Amino acid sequence: MTELIEDKKEIEKIIDEKIKGKRLVFTTHYRISSAEKGIDDNKVSEIFQQFHRIYAIEKETLKYGDIGYELFYKLSNNTDFSIATCPQEEKLLIIHAIEYKRSLSKRFKKNN
């Protein structure tokens, strides 16, 4: 079950309570996925900190019952970026990162 969050106040609350201030841990799944997509850790780390660019979050219960948050960033008119995360105490697991060279508005319309 995936929940789409687009309300600015709700997004800020999730970022403050679940995302900010945690140590980023790049998972094995992320490593494999990013190597296939040619996405660099430095780019992910740099984009990750730009919380003001987040326009949507998908909240999902993951395979082992953890709650995951996929953060959607608007980088430019035709480029979006998503970073899937799983908060755990002081660390934040990075599950995957994807760069989209198109608008994701159709994807989000389906979920509503």
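**Grounds for the descriptions**

Guide: Leaving aside neighbours within four places in sequence, His96 is in contact with His29, Tyr30, Ser33, Glu70, Ser82, Ile83 and Ala84. Please note that this is a predicted model.

Visitor: What makes His96 count as buried or exposed?

Guide: The relative accessibility of His96 is 18%. Buried means under 20%, and therefore His96 counts as buried. His96 is found in strand β6.

Visitor: With which side chain does His96 make a polar contact, and why is it called one?

Guide: The partner is the side chain of Glu70, at 3.3 Å. A polar contact is a pair of N or O atoms within 3.5 Å, one able to donate a hydrogen and the other to accept it. The distance of 3.3 Å is within that cut-off, so the pair qualifies.

Visitor: How do you know whether Ile19 is buried or exposed?

Guide: Ile19, which is found in helix α1, has 0% relative accessibility. As the cut-off for buried is under 20%, Ile19 therefore counts as buried. Not counting residues up to four places away in sequence, Ile19 touches Ile14, Phe48, Phe51, Tyr69, Leu71, Thr85 and Leu92. The C-alpha atoms of Ile19 and Asp40, 21 residues apart along the chain, are separated by 20 Å.

Visitor: Which residues of α1 are buried, and what puts them on the same side of the helix?

Guide: In helix α1, residues 8-19, the buried residues are Ile11, Ile14, Ile15 and Ile19. They cover an arc of only 100° around the axis, and therefore they are on the same side of α1. On the other side of α1, Lys9 and Glu17 are exposed. The cover over the buried residues of α1 includes β1, α3, β3, β4, β5 and β6. Gly21, whose phi is positive, near 80°, follows α1.

Visitor: How do you know that the buried residues of α2 line one face of the helix?

Guide: The buried residues of α2, which spans residues 28-37, are Tyr30, Ser33 and Ser34. Seen down the axis, they fall within an arc of 95°, so they line one face of α2. Thr28, Ile32, Ala35 and Glu36, on the other side of α2, are exposed. Among the elements that cover the buried residues of α2 are β2, α3 and β6. Just after α2, Gly38 takes a positive phi of about 70°.

Visitor: What makes Asp40 a cap of the N-terminal end of α3?

Guide: A side-chain oxygen of Asp40 lies 3.0 Å from the backbone nitrogen of Asn42. The cut-off for a polar contact is 3.5 Å, and the distance of 3.0 Å is within it.

Visitor: Why is Phe81 called buried?

Guide: Phe81, in strand β5, has a relative accessible area of 0%. The cut-off is under 20%, so Phe81 is called buried. Leaving aside neighbours within four places in sequence, the contacts of Phe81 include Ile39, Val44, Ile47, Leu71, Phe72 and Ile98. The C-alpha atoms of Phe81 and Phe48 are separated by 9.5 Å, although these residues are 33 apart along the chain.

Visitor: What is the volume of the largest pocket, and which residues are closest to its centre?

Guide: The volume of the largest pocket is about 320 Å³. Of the 17 residues that line the largest pocket, Leu62, Lys63, Thr85, Cys86 and Ile95 are the closest to its centre. The largest share of the lining, four residues, comes from β5. The lining divides into seven nonpolar, five polar and five charged residues.

Notes: Residues are numbered from 1 along each chain as its sequence is written. Side-chain values use heavy atoms; hydrogens and water are left out. On a 1 Å grid over the protein atoms alone, a cavity is a set of points where a 1.4 Å probe fits but cannot get out, and a pocket is an open set with protein on both sides within 12 Å along at least five of seven lines; lining residues have an atom within 4 Å of a point. Grid points are joined across faces, edges and corners, and a volume is the space filled by probe spheres set on the points. Helices (H or I, at least four residues) and strands (E, at least two) are DSSP runs, numbered from the N terminus. Ala, Val, Leu, Ile, Met, Phe, Trp, Tyr, Cys and Pro count as nonpolar, Asp, Glu, Lys and Arg as charged, and the others, Gly among them, as polar. Buried means under 20% relative accessible area, exposed over 50%, partly exposed in between (1.4 Å probe, protein chains only). The arc is that of the directions from the helix axis to the C-beta atoms. Contact means heavy atoms within 4.5 Å.
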